[in-house]
Amino acid sequence: MGSLVKDFFAQQQHVTPDKIYHVTVMPCYDKKLEASRPDFFSQEHQTRDVDCVITTGEVFKLLEEEGVSLSELEPAPLDSVYSSVSAQEPTSHRGGGSGGYLEHVFRHAAQELFGIHVDEVTYRPLRNKDFQEVTLESEGRVLLHFAAAYGFRNIQNLVQKLKRGRCPYHYVEVMACPAGCLNGGGQLKAPEMPGKELLQHVERLYSMVKTEAPESVPGVRELYGQWLHGEGSERAGGLLHTSYHAVEKASSGLSIRW
């Protein structure tokens, strides 16, 4: 999203990226740390992909302080960065409540690698509901073996499997929060509703959002054609992909052994 705003949108507006202040609303406080990583800072323009991250809970607090109630505001049409289409309603893609692409990658891989069309993706819970597997089998042979690991306990177990060389998965979707981003630490709280009940309510609302296959979303082909210079291009790789590395711990007098 940061590349889309600071590069594509900046070109549309005929301004340099440093002239745009990009604010995102997220369900997780860790997104603030992610946005501050040097990986997402442009040395050329001296600007970050995302300048400010606020959580949904912080948005609600700001609205309360200003005496604003969303239910009393007039609905406004959605903006669109595409020139060929206009956004009519919010959309998402099929998958869990974290916006992950496990299901999309699974379907795409099944079709492209094995010529198998997968309509419904079936999850098989393991030790708990936050660690689930998805498999593609044919004639008794496992072709694809995917997993979704949510919550630090499950992530730690997965890391231990990797260290022991016993991780059988081709693809793993990892999220820090149990139940995923819908249960993020920065999400809105409802004092009158127990946490489990609130999560179930949020999941029901999220399931009502219209879903589309990413490659079928209007305007995506326009982005690849005009902005990214085609699928698999060097430009697409540079703007849409990243690689993480360990963040060096800041040294201080407190860490010095006297």
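**Ground rules**

This is a predicted model, in which local features need pLDDT of at least 70, side-chain atom pairs count only at pLDDT 80 or more, and totals for chains, interfaces and linings use all residues. Residues are numbered from 1 along each chain as its sequence is written, and side-chain values use heavy atoms, with hydrogens and water left out.

**The whole chain**

The protein chain has 258 residues, and 29% of them count as buried. Here buried means under 20% relative accessible area, exposed means over 50%, and partly exposed lies in between (1.4 Å probe, protein chains only). Along the principal axes, the C-alpha atoms fill a box of roughly 60 × 55 × 50 Å.

The protein chain contains 8 helices and 10 strands. Both are DSSP runs numbered from the N terminus: helices are H or I with at least four residues, strands are E with at least two.

Contacts tell us about the fold too. A contact means heavy atoms within 4.5 Å. Take the contacts between residues at least 6 apart in sequence: 56% of them join residues at least 24 apart.

Sequence distance and spatial distance can also be set side by side for one pair. Leu113 and Ala179 are 66 residues apart in sequence, and their C-alpha atoms are 30 Å apart in space. Leu113 sits in helix α4 (residues 102-114). Its relative accessible area is 59%, so Leu113 is exposed.

The domain assignment gives domain 1 (1-74) and domain 2 (101-208). Such bounds come from an automatic or database domain assignment. Taken over C-alpha atoms, the centres of the two domains are 27 Å apart.

Where do the domains touch? In domain 1, 7 residues are in contact with 6 residues of domain 2. The size of an interface is often given as the accessible area lost when the parts come together. Between domain 1 and domain 2 the buried area is about 540 Å², and carbon and sulfur atoms give 63% of this. Buried area here is the accessible area (1.4 Å probe) that two parts lose on being put together, summed over both. On the domain 1 side, Pro27, Tyr29 and Thr56 lose the most area to domain 2, together 66% of what that side buries.

What kind of pairing crosses the interface of domain 1 and domain 2? The rule finds 0 salt bridges there. However, 7 residue pairs are in polar contact between domain 1 and domain 2, both residues at pLDDT 80 or more. A polar contact is a pair of N or O atoms within 3.5 Å; within protein, one must be able to donate a hydrogen and the other to accept it, and residues adjacent in sequence count only if both atoms are side-chain atoms.

Helix α3 (residues 56-66) supplies 3 residues, the largest share of the side of domain 1 that touches domain 2. That side divides into 4 nonpolar, 3 polar and no charged residues. In this scheme Ala, Val, Leu, Ile, Met, Phe, Trp, Tyr, Cys and Pro are nonpolar, Asp, Glu, Lys and Arg are charged, and the others, Gly among them, are polar.

**A closer look at Gln187**

Gln187 lies in the loop between β9 (171-175) and α6 (195-207). Its relative accessibility is 18%, so Gln187 counts as buried. Leaving out residues up to four places away in sequence, Gln187 touches Pro27, Thr56, Gly57, Cys181 and Leu182. The side chains of Gln187 and Thr56 make a polar contact at 2.8 Å. A polar atom of the Gln187 side chain also lies 3.4 Å from the backbone oxygen of Cys181.

**Salt bridges**

Side chains of opposite charge can pair when their charged atoms come close. A salt bridge here is a side-chain nitrogen of Lys or Arg within 4 Å of a carboxyl oxygen of Asp or Glu. The structure holds 8 salt bridges. The table includes three of these.

| Pair | N to O distance |
|---|---|
| Lys6 and Asp51 | 2.9 Å |
| Asp39 and Arg37 | 3.3 Å |
| Glu133 and Arg124 | 2.5 Å |

The salt bridge of Lys6 with Asp51 links distant parts of the chain, 45 residues apart: Lys6 is in helix α1 (residues 2-13), and Asp51 is in the loop between β3 (47-48) and β4 (52-55). Lys6 is buried because its relative accessibility is 6%. Asp51, at 26%, is partly exposed.

In the second pair, Asp39 is partly exposed at 24% relative accessibility, whereas Arg37 is buried at 15%. In the third, Glu133 is buried with a relative accessible area of 8%, and Arg124 is partly exposed at 49%.
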